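Here is a short briefing on one protein model. Keep the sequence and the 3D view open as you read.

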Amino acid sequence: MRVMERTFREQLFFLVLCLSVLTGDSRYIENNDISKDELFSFFNPELKRETPEELLYRRPLRCLDMIAVEGQFTFTAEHPQLSCAAFFMAEPTEVISVDYDNVDIDCRGGDFITVFDGWVMKGEKFPSSQDHPLPLHERYVDYCDSGSLKRSVRSSQNVAMVFFRIHNAGSSFTLTVRKHINPFPCNVISQSPEGSFTMVIPQQHRNCSFSIIYPVEIDISEFSLGHNVNFPKRSMPRCAEAGDFVQLLGGSGIDTSKLLPITDFCISFSGSTHMKVGCDNTVVRMVSSGQFVNRVSFSYRLLDSQELQTIKLNNVEDFCFNN
């Protein structure tokens, strides 16, 4: 029986340690001395409040790291580090900028520092290629290729990551990480197993996903599409023909294109629609044609163990436990 009540921090720690393939030349995550307490302390909101705004937070960057605060993070190789990754996360309404500073690496010798616009875990990418505004090759920004031409990279959503490989002891670099308000958040990984969110797409032809890496109950309280089609409130699979709709997806990975559809909505409504999803990853995904202003509001909470046992008997969510 899987342990379904682990915290979001434990989920992330487990996922990161289970990375088998990062991208490009990266082959594996090496063993390191990161402790859970050290890794998860940077999700603590008290830490952010205790750090004065006029002082820039600084600490060493580890070969495998998770960072949820602004600051400067310096990596200095004590020995060759050939497969490293740092994951960055902000609030749902923020994006992340990563600046290269004081870079002293051997690009010709095979070193690299690459910022990725999103996350890569176990070969899967968030956001998926279907949902991200940039083609995949433009989401990778390599310091050795761009040099001084692009020393600052800004993400399109609240998560980003950096891959790096350093061959020589003593080589180093510094990353300055900052957060910026995003007035229309699109593609979000939630830091918490419970909360609420309103997703708005203002007449833009794009797809947006809100990912909760937890089994949760979703309560969709408001759903407003700028068109009127005569499909029933829950309709599969014809909603895709409307051009503007919301999907509820579930599965175990982070790539929304590989998750399974649970239900979809393609007419406006107000009130409340509940759905319990026993998957490791639950996603609310909005598809917009760009012709209308589309909006969906929802709240979510973590399912307890008794609820998960009950869901196992429900044919709708069986695939969450069988995959």
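Strands here are DSSP runs of E of at least two residues, and helices are runs of H or I of at least four residues, both numbered from the N terminus. The model is predicted, so local features need pLDDT of at least 70 and side-chain atom pairs count only at pLDDT 80 or more, while totals for chains, interfaces and linings use all residues. Residues are numbered from 1 along each chain as its sequence is written, and side-chain values use heavy atoms, with hydrogens and water left out.

**Around Val103**

- Val103 belongs to strand β5, residues 94–104.
- Val103 and Ser172 sit 69 residues apart in sequence. Their C-alpha atoms are 6.2 Å apart in space.
- Contact means heavy atoms within 4.5 Å. With neighbours within four places in sequence set aside, Val103 contacts Ile113, Tyr143, Ser172 and Phe173.

**The four-stranded sheet**

- Two strands count as paired if DSSP finds at least two bridges between them.
- An open sheet of 4 strands runs in the order β14-β21-β16-β19, with antiparallel pairing.
- β14 and β19 are the edge strands. Each has a single partner strand, so one side of each lacks a neighbour in the sheet.
- From one strand to the next, the twist averages 20 degrees. For such angles, axes are lines fitted to C-alpha atoms (for helices, over the stretch in contact), and values run from 0 to 180 degrees between N-to-C directions.
- β14 (residues 195–202) and β21 (residues 293–302) are joined by 8 bridges. Across this pair, Val200 stands opposite Arg295.
- β16 (residues 216–224) also joins β21 through 8 bridges. Here Val216 has Leu302 as its bridge partner.
- β16 and β19 pair over 7 bridges, again antiparallel. Ile220 is partnered by Thr273 in β19.

**Two nonpolar cores**

- A nonpolar core is a set of buried Ala, Val, Leu, Ile, Met, Phe, Trp, Tyr and Cys residues joined through side-chain atoms within 4.5 Å. Buried means under 20% relative accessible area, exposed means over 50%, and partly exposed lies in between (1.4 Å probe, protein chains only).
- The largest core has 28 residues. Phe210, Ile218, Val296 and Phe298 have the most contacts inside it.
- Strands that each supply at least two residues of this core include β15 (205–212), β17 (245–251), β18 (260–265) and β20 (281–289). β16 gives the most, with 4 residues.
- A second, separate core holds 27 residues, among them Phe73, Ala86, Ile113 and Phe173.

**Backbone exceptions**

- Most residues other than glycine have a negative phi, and most peptide bonds are trans.
- Phe126 and Pro127 are joined by a cis peptide bond, with omega about -10 degrees. Pro127 lies in the loop between β8 (124–126) and β9 (140–142).
- Lys122 is not a glycine, yet its phi is positive, about 50 degrees. The residue lies in the loop between β7 (119–121) and β8. Lys122 is partly exposed, at 46% relative accessible area.
- Asn187 is not a glycine either, and its phi is about 70 degrees. Asn187 lies in the loop between β12 (172–181) and β13 (188–189). At 1% relative accessibility, Asn187 is buried.
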